[in-house]
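Please open the model in your viewer and keep the sequence panel beside it. The stops below say what to select and what to look for.

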Amino acid sequence: MFIASIMLIMNTLPTKTKVLILKCLVEGMSIRSTSRIADVSRNTVTKLLVDAGRVCSEYQDMALRNLSCTRIEVDEIWSFVYAKNKNVPTAKNPPRLAGDVWTWTAICADTKLVPSWRLGDRSSATAIEFMDDLRSRLDNRVQLTSDGHKSYLEAVEGAFGGDVDYAQLIKVYGGSADLKSESRYSPGKCNGIQRKVVEGNPDPDGISTSYVERQNLTMRMSMRRFTRLTNAFSKKMENHDHAVALHFMYYNFCRIHQTLQVTPAMEAGVTDRLWDVSDIVKMVEDVQPVPNRPKTYKKKSDISN
């Protein structure tokens, strides 16, 4: 009965309200803040997030194919679901996938398009899934750069074989003995970088992870559940996944890149127009079932013999 009530609300919710809700979510607002701004319940916001995330994931899986990218940067960004790994054992009724979650992302250094991402742990198994998916979307040989995470070595070899120019950018960090306790959340001081050629013949000038690291910042600013040192975090892995799919749909297709002056999808030739959040809402509405109309009964006097 509760789910049916939410479905009825979603089917009767004005399109402009749905657009407002999604705009709030993709601009970094929380579920509670969005519900107050749009004057709807939190369950309504969550339901729309789930529906939008699902159609965005399916559409991008279909549209981001046969890409002619030449330089790809990859990285992983940390977040958590329900509780951090260290707190899961003492958490009350944690879901099955509670704990640390890593979002593996790839970005085209030229078009700024994000063609592939994968949620999971930081293991070799997730790295292999991520690289296999990335390779299936590319139409030509690319130059690939990652950090020094060892899981990439096996994953890149398995997905690309020798058909890639692959290098790792390894940053050397060092701490300072006089750091105050208040600075414990700050990253260590970068004392230098090492460029390590792993496969092929990558251009030294293109060995960089700057764009993908900037994308990590965009994710933390655009999704409230990724903002660190707050009480905003995902309670369910499914909703975390939907939020990421919605973010990348908005980033790839709707948000004009400040440097390119077009969206990444337009720059990459995936689409020839600027999308709007209302286009995402339309996709959601197109796949939603039509609500059942109440039955009408004729009066006996209206029935002819």
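Which element gives the most to the lining of the largest pocket? Select α4 (42-63), which gives the most to that lining, with 6 residues. Before going further, note that this is a predicted model, in which local features need pLDDT of at least 70 and side-chain atom pairs count only at pLDDT 80 or more, while totals for chains, interfaces and linings use all residues. Residues are numbered from 1 along each chain as its sequence is written, and side-chain values use heavy atoms, with hydrogens and water left out.

**The largest pocket**

Stay with this pocket, which holds about 940 Å³ of space. On a 1 Å grid over the protein atoms alone, a pocket is an open set of points where a 1.4 Å probe fits, with protein on both sides within 12 Å along at least five of seven lines, and lining residues have an atom within 4 Å of a point. Grid points are joined across faces, edges and corners, and the volume is the space filled by probe spheres set on the points.

Next select I31, T46, R225, K235 and N239, which lie nearest the centre of the largest pocket among its 31 lining residues. The elements that give two or more residues to this lining are α1 (2-12), α2 (15-26), α3 (31-38), α4 (42-63) and α8 (237-254). Colouring the lining by residue class gives 14 nonpolar, 9 polar and 8 charged residues; here Ala, Val, Leu, Ile, Met, Phe, Trp, Tyr, Cys and Pro count as nonpolar, Asp, Glu, Lys and Arg as charged, and the others, Gly among them, as polar.

**The whole chain**

Zoom out to see 10 helices and 6 strands, where helices (H or I, at least four residues) and strands (E, at least two) are DSSP runs numbered from the N terminus. Of the 305 residues, 45% count as buried, a word that stands for under 20% relative accessible area, with exposed over 50% and partly exposed in between (1.4 Å probe, protein chains only).

A search of the whole structure finds 0 disulfides, a disulfide being a pair of cysteine sulfur atoms within 2.5 Å.

**Two residues with positive phi**

Most residues other than glycine have a negative phi. With that in mind, select D39 in the loop between α3 and α4, where phi is positive at about 60 degrees although the residue is not a glycine. D39 is exposed, with a relative accessible area of 70%.

Then move to Y82, in the loop between β1 (71-81) and β2 (99-108). Y82, which is not a glycine, has a positive phi of about 70 degrees, and at 27% relative accessibility Y82 counts as partly exposed.

**A loop serine**

Finish at S208, in the loop between β6 (189-199) and α7 (210-222). Is S208 buried or exposed? At 17% relative accessibility, S208 counts as buried. Show its neighbours: leaving out residues up to four places away in sequence, S208 touches E73, T145 and L169, with contact meaning heavy atoms within 4.5 Å.
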